[in-house]
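Subject: Structure for your review

Dear colleague,

Please find below the structure that I am handing over to you.

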Amino acid sequence: MNFSLAVTNNNLPFIWGKNCIPTPDCAKAVRDSTYPRFIEGLPKYEKIVKVACGSHHAAFLLEDGSVYAVGVATDQPLPMWDEALEILPPDVVDVSSLASFTAGFDRTVIVYESGDGKRQVIEIQLWSDEDLRLNGAVCPSWIDWLEEKNEEKMRNNAVQSVHRGWMHTVVVTGSIS
């Protein structure tokens, strides 16, 4: 909605669009970028496996299972575009079992298969507070409701992907083998 993101063949991330250039010397904290701008802060030797753009942030899934983000933090209105910040540490997600990596308004949602063969859903947000940022991964409460209210339907189905908009969420389920 507000910006575009690209990753080059050399694993370099670039962003451009609305409000994605920091301008500390101006009265306005950010300005629009009509050209791609390199995103600092990602580990240089980890491959970017997936990217996802929400309306206010962009997230990067790296090959070690870590997730980094830039954009507007959930707990402050000033955008954080200077450099990508880690919002999920390595090894939480096994990238080889990834089902979905999407971003909505203020969250990134990851769906993956855990070691016990069950689908897991993690929601994470970009926070300016480091403790919240590094400890903010949660299993959304609606998962329990979905499984409880639809026990019969969910028995042989699993969450395939989650898509978030401004004031809504769509959960796609389907059979797993």
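The side chains of Glu-123 and Arg-107 are joined by a polar contact of 3.2 Å (a pair of N or O atoms within 3.5 Å; within protein, one must be able to donate a hydrogen and the other to accept it, and residues adjacent in sequence count only if both atoms are side-chain atoms). Please note that this is a predicted model, in which local features need pLDDT of at least 70, side-chain atom pairs count only at pLDDT 80 or more, and totals for chains, interfaces and linings use all residues. Residues are numbered from 1 along each chain as its sequence is written, and side-chain values use heavy atoms, with hydrogens and water left out.

The pair Glu-123 and Arg-107 also meets in a salt bridge, at 3.2 Å from N to O (a side-chain nitrogen of Lys or Arg within 4 Å of a carboxyl oxygen of Asp or Glu). Glu-123 lies in strand β10 and Arg-107 in strand β9, so the pair ties together parts that are 16 residues apart in sequence. Strands here are DSSP runs (E, at least two residues), as are helices (H or I, at least four), numbered from the N terminus.

Arg-107 forms a salt bridge with Asp-106 as well, the closest N and O atoms being 3.0 Å apart.

As to accessibility, Glu-123 is buried, with a relative accessible area of 6%, and Asp-106 is buried at 16%. Arg-107, at 22%, counts as partly exposed. Buried means under 20% relative accessible area, exposed over 50%, and partly exposed in between (1.4 Å probe, protein chains only).

The largest nonpolar core has 19 residues, of which Val-67, Phe-101, Ile-110, Ile-124 and Leu-126 touch the most other members. Such a core is a set of buried Ala, Val, Leu, Ile, Met, Phe, Trp, Tyr and Cys residues joined through side-chain atoms within 4.5 Å. Strand β7 supplies the largest share of this core, 4 residues. A second, separate core of 13 residues includes Ile-15, Leu-42, Trp-81 and Ala-84.

For the chain as a whole, the secondary structure comes to 3 helices and 12 strands. Buried residues make up 41% of its 177 residues.

Yours sincerely
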